[in-house]
Structure formats: structure tokens, C-alpha cells
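Dear colleague,

Please find below the structure that I am handing over to you. My notes on it follow directly after.

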Amino acid sequence: VELVLPQKNDGADAMESHASGSAVVLMYHRFGEGGFAATNTTVMQLEDHIAALQQGGHVVVPLADVVSALKGETVLPEKAVAITVDDAYRSFLTVAWPRFKAAGYPVTLFVATGGVDAGYDSLLSWKDIRFLQKGGVTIGAHSHGHGHFPALSSDAVEQDILDMSAAFQRELGFIPPLFAYPYGEAGLPDMAAVRTAEFTAAFGQQSGAMGTMNNLF
């Protein structure tokens, strides 16, 4: 999602100021897991991405800074980028985070709590997530059961959010303020449910621009 903030200038001046009033949000899932091509980023690709960010003069900022800019509270640096990772696969800990950390890049990890509670081998444990959180990773909310919200009833969505929030409170002692919709999709009732649950903002998988006048959910 490209964030575009309003500019007061016109013409060339506006084009120059656009770079300091916008951000691009990158989304990842798995790393170095060749059996899952649709959601996997190879180690070589990841290293190429990091090199491109470094060589291009991009500034990787916390995702919360992008939300603050959308709310008119923060001015973003030129060439701002935020990095997010969905689902809390174990390969984030073993492959991606060491590389992001070495580059000094903040990352938001959106966790679907049900799979972590179930102890699936492909996912991080709560111990791993606490380790990452203490090491500088921002934890985000990604539902409990990872169901496709538009296909669920309103009651099911609300219960999922309650179950997820309880898991975060039990394991981390807090409920993350940022939410990412499972499969990157949500209907208007789903957005309303997330807003009612008092999250700060929610992210989807749509490519395109949004600005300070758009719905944060």
C-alpha cells in the first residue's frame, strides 16, 4: 500500500515533496520454504530486496509511523518503507529476522494466535514470539483462526477477535494495536468489528494508494 499525503506545492516542487510525504508497505509470509511458492520469498530474493533498499537510499520505518502519518500526526522521511510479515511462520525467526535485524530494519509480525496455540511445527511458538518482541519486532494481530472474514458471520468474526485478544493478553500481556485481515480481505461489517474492538488501524492485501482522508480500517 502506498501512502500519499497531501502536498501544498504544484508541478516539479510537488513531485519532489511527494517522496518525503509517502511510504510503501511491503508484505511477506514465508522465507526459504521452496515448497510454498505462492507465499515464499527465497533467501536470495530477500537478500536482493534488502540490498535494493540500502542502495536506493530508502528509510525503513516502523509500521506505526505510517499509521501516524495517515492520521496527520507524523511526517515521514523521504523514501519511507515499512516491512510486514504475516502468519508467524518459523522461517521468519530462522531466515528473515537475522537479516532484517543486521540491516537495522524494524519489522511488524502479524500473528494468527490459533495456530500458535495449537503448536504447529511450521509456526513460531509463544516463547519464540516473546523472544522476537523483546528483540525489537513489533507484534501485530492477524485473527485467531485465520478464517476468511467475508465468508464468516458477524458473530463468528466478533468471537474470533475475542479469542485472539484473549490469547495475546494471556501470552504477551497486551493486545497489539494494529490488525491485518486474514487473506488480506474484509467486508464493511468486518472493518466495523475491528474498529469496535479498538484497534488503531487494519491492513489488507490491496495494492494501491491511500491518503489521510481514507478509512484506516
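Helices here (H or I, at least four residues) and strands (E, at least two) are DSSP runs, numbered from the N terminus. Helix α3 itself covers residues 63-70 and is mostly covered, with 6 of its 8 residues buried. Those buried residues are Leu 63, Val 66, Val 67, Ser 68, Ala 69 and Leu 70. Buried means under 20% relative accessible area, exposed over 50%, and partly exposed in between (1.4 Å probe, protein chains only).

Please note that this is a predicted model, in which local features need pLDDT of at least 70 and side-chain atom pairs count only at pLDDT 80 or more, while totals for chains, interfaces and linings use all residues. Residues are numbered from 1 along each chain as its sequence is written, and side-chain values use heavy atoms, with hydrogens and water left out.

As to the chain overall, the secondary structure comes to 8 helices and 11 strands. The C-alpha trace spans about 55 × 40 × 30 Å along its principal axes. A compact globule of 217 residues would have a radius of gyration near 17 Å, and the 17 Å of the protein chain agrees with this. That radius is taken over C-alpha atoms, and the globule rule is 2.2 Å times the number of residues to the power 0.38. Of the 217 residues, 43% are buried. Contact means heavy atoms within 4.5 Å; among contacts between residues at least 6 apart in sequence, 62% join residues at least 24 apart.

Salt bridges come next. The structure holds 7 of them, each being a side-chain nitrogen of Lys or Arg within 4 Å of a carboxyl oxygen of Asp or Glu. In one, the side chains of Arg 99 and Glu 47 meet at 2.9 Å, N to O. This pair links distant parts of the chain, with Arg 99 in helix α4 (residues 90-103) and Glu 47 in helix α2 (residues 43-55), 52 residues apart. Arg 99 counts as partly exposed because its relative accessibility is 29%, and Glu 47, at 39%, also counts as partly exposed.

Another salt bridge joins Arg 90 to Asp 128, with the closest N and O atoms 3.0 Å apart. Here too distant parts of the chain are linked: Arg 90 lies in helix α4 and Asp 128 in helix α6 (residues 126-134), 38 residues apart. Arg 90 is partly exposed at 31% relative accessible area, whereas Asp 128 is buried at 14%.

Glu 171 forms a salt bridge with Arg 170, the closest N and O atoms being 3.0 Å apart.

Finally, I turn to helix α8 (residues 188-196), where Ala 193 is found. Ala 193 counts as buried because its relative accessibility is 14%. Apart from neighbours within four places in sequence, Ala 193 is in contact with Val 157, Glu 158 and Ile 161. Between Ala 193 and Glu 158 the C-alpha distance is 6.4 Å, although they are 35 residues apart in sequence.

Asp 190 also has its place in helix α8. Asp 190 is buried yet has no salt bridge, and the nearest side chain of opposite charge, Arg 195, is 13 Å away. Lys and Arg count as positive and Asp and Glu as negative, while His and the chain ends are not counted. Beyond its neighbours within four places in sequence, Asp 190 is in contact with Phe 149, Pro 150, Val 157 and Tyr 181.

With kind regards
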